[in-house]
Amino acid sequence: MDNIIRQIFLVPKCKCCFKPADSQNLCNSCRRELEKCRIANPHLPLNKKIDFVDESYASYKYEGTASTVVKGAKFRNPAPFLASLLDDISIDIKQILAQNNIDTVLPVPSHKSKLYTQEYDLPVEMAKRISKHFGVQYSDCVAKVRKTEKQHNLPKDRRKANLVNAFKVTGNLTGKNILVIDDVITTGFTVSAVATELKLAGREKVYVWSYTLNIERKENT
Ligand SMILES: [Zn+2]
């Protein structure tokens, strides 16, 4: 009986397949699958031009196990994802912070209406953990002041316009070099809209790091 209780309550569950996992909240099989989603040299800038962003980085491709764990964290339960986040990305973040002299992390903000939905504000929780672990300042001085359509529900040609005037600097921003934190980058329009506000507020350099990069397939039309 003891063993059954132990298995149910104490053994961490894999954040991807929910089978018993190791201390990093992934079973061995999903750990191997997640490694397959790793971006080669995540500490090197992505070959992706994002307006107002000096350099962008990502740790995983948004596919397979990596997309499953992000979706699970956003829509179901962020706890296992956050518990093992630093195991997954701290090598990357350490180098990105050092090589760009970053003193502040800032999450891509959500509109306050999101608090009433099932969706978790993942970038906020990620940025807080990164801030605490690496001793860099956490800033929430950029707010989402207008509710927008979900980017992935819109055709590509409407995604940029959807974000016009959506973000504003609402607090004191003391950091000089800022790393914007996100969970998924697809077009880059969202982080670009945040970076625009930061640059208008006089920030010298704006960098972006995302847990995953969604490399979209070419559309048929
Ligand atoms: Zn698993």
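**Loops and a helix pair**

A: Asn-165 sits in the loop between α7 (156-159) and β5 (167-169); helices here are DSSP runs of H or I with at least four residues, strands are runs of E with at least two, and both are numbered from the N terminus. Keep in mind that this is a predicted model: local features need pLDDT of at least 70, side-chain atom pairs count only at pLDDT 80 or more, and totals for chains, interfaces and linings use all residues. Residue numbers start from 1 along each chain as its sequence is written.

The phi of Asn-165 is near 55°, so a positive value in a residue that isn't glycine. Asn-165 is exposed, with 10 other C-beta atoms within 10 Å (12 or fewer means exposed, 20 or more buried, anything in between partly exposed, with C-beta atoms placed from the backbone).

Phe-52 is another non-glycine with positive phi, about 70°. You'll find Phe-52 in the loop between α2 (28-36) and β1 (55-61), and Phe-52 is partly exposed, with 17 other C-beta atoms within 10 Å.

Now the helices. α5 (residues 85-99) packs on α6 (residues 122-134) at about 65°, axes 11 Å apart; axes are lines fitted to C-alpha atoms over the stretch in contact, and angles run from 0 to 180 degrees between N-to-C directions. The contact takes in Leu-85, Leu-86, Ser-90, Ile-93, Lys-94 and Leu-97 of α5, and Met-126, Arg-129, Ile-130, His-133 and Phe-134 of α6, where contact means backbone-placed C-beta atoms within 7 Å.

Notes:
Two residues are in contact if their C-beta atoms, placed from the backbone, lie within 7 Å.
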